[in-house]
Amino acid sequence: GGSQFFSDLMAQIDVQDITARISEMLSAPNAAWARIKSDTFTVEQLYKKFVIPMVVASALCNFIGGAILGPATFGGGISLIFIQVLGGLVSPFIGYFLLSFLVPNFGGSASKGDIFKFLVFPMLVSSAASMFSIIPDLSILSIVRALISLAGGVYALYLLWLGVPIMLGVSDERRPGLFIALVGLVIVCLTVFVWMASVLML
């Protein structure tokens, strides 16, 4: 039941491990990818250990940062937290579906587990950066939080770029084409998803 799932989820969350992995991806990304390649996580384990806690924590920080401004933004914050969590949970599956098609067409080969690991671990960095959205959106603080969030997103893209040959088996020559196709398709899919979620919540 739901209580068993929650208990299992809490038992698998290891904040120290998450912090260590984020630190390694920031300081030694190639070594981090080599370690990730050898890790044997199932998709369920990846979600319980990394995706769910980071997505929820990031969304809560965003909600708190908005709620500090007052009750006028509180209702909108509830809607945003729902869309952010749902988007964070769905995006790895969207990426997996796209990469399952793209990777063979670019001469690569990757298991389901490797594709999900390739997508999930850069999310740790971007989610950690987005936690700075807990900073109220006031004056110079809004610029600080925007820059940190942007830096996290850009660095996550850089991590994906580094991980393509290691995790997906795509050659350096064909890496740019795969990377551009993946980023473009993910942007389109997530834009459609956010639009649909926004319409449903109106």
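The structure is a predicted model, in which local features need pLDDT of at least 70 and side-chain atom pairs count only at pLDDT 80 or more, whereas totals for chains, interfaces and linings use all residues. Residues are numbered from 1 along each chain as its sequence is written, and side-chain values use heavy atoms, with hydrogens and water left out.

The protein chain contains eight helices and zero strands, where helices (H or I, at least four residues) and strands (E, at least two) are DSSP runs numbered from the N terminus. The order of elements from the N terminus is accordingly α-α-α-α-α-α-α-α. Of the 202 residues in the protein chain, 40% are buried; buried denotes under 20% relative accessible area, exposed over 50%, and partly exposed the range in between (1.4 Å probe, protein chains only). Contacts are defined by heavy atoms within 4.5 Å. Among contacts in the protein chain with a separation of 6 or more, 74% join residues 24 or more positions apart.

Open space was examined on a 1 Å grid over the protein atoms alone: a cavity is a set of points where a 1.4 Å probe fits but cannot get out, a pocket is an open set with protein on both sides within 12 Å along at least five of seven lines, and lining residues have an atom within 4 Å of a point. Grid points are joined across faces, edges and corners, and a volume is the space filled by probe spheres set on the points. The largest pocket has a volume of about 1200 Å³. It is lined by 34 residues, of which Gly88, Ser91, Met123, Ser126 and Leu190 are the closest to its centre. At least two lining residues come from each of helix H4 (43–67), helix H5 (74–105), helix H6 (112–130), helix H7 (139–168) and helix H8 (175–201), and H5 gives the most, with eight residues. By class, this lining of the largest pocket comprises 19 nonpolar residues, 14 polar and one charged; Ala, Val, Leu, Ile, Met, Phe, Trp, Tyr, Cys and Pro count as nonpolar, Asp, Glu, Lys and Arg as charged, and the others, Gly among them, as polar.

The second largest pocket holds about 150 Å³ of space. Its lining consists of Ile13, Val15, Ile18, Thr19, Ile22, Pro53, Met54, Ala57, Ala128 and Met131. Two or more of these residues are given by helix H2 (15–27) and by H4, with H2 supplying the largest share, four residues. The lining of the second largest pocket has nine nonpolar residues, one polar and no charged.

Aromatic pairs were assigned to rings of Phe, Tyr and Trp (its six-membered ring) with centres within 6.5 Å; planes under 30 degrees apart count as stacked, over 60 as edge-to-face and the rest as tilted. Tyrosine 47 is buried, at a relative accessible area of 10%, whereas phenylalanine 93 is partly exposed, at 43%. A further tilted pair is formed by phenylalanine 50 and phenylalanine 121, with 5.0 Å from centre to centre and 55° between the planes. Phenylalanine 50 lies in helix H4 and phenylalanine 121 in helix H6, so the pair ties together parts 71 residues apart in sequence. Both phenylalanine 50 and phenylalanine 121 are buried. One aromatic cluster is formed by Tyr47, Phe93, Tyr96 and Phe116.

Contacts between helices also involve valine residues. Valine 120, in helix H6, is buried with a relative accessible area of 1%. Not counting residues up to four places away in sequence, valine 120 touches Leu46, Phe50 and Val51. The C-alpha atoms of valine 120 and valine 51 are 6.8 Å apart, although the residues are separated by 69 positions along the chain. Valine 51, in helix H4, is buried with a relative accessible area of 2%. In helix H2, aspartate 17 is buried with a relative accessible area of 15%.
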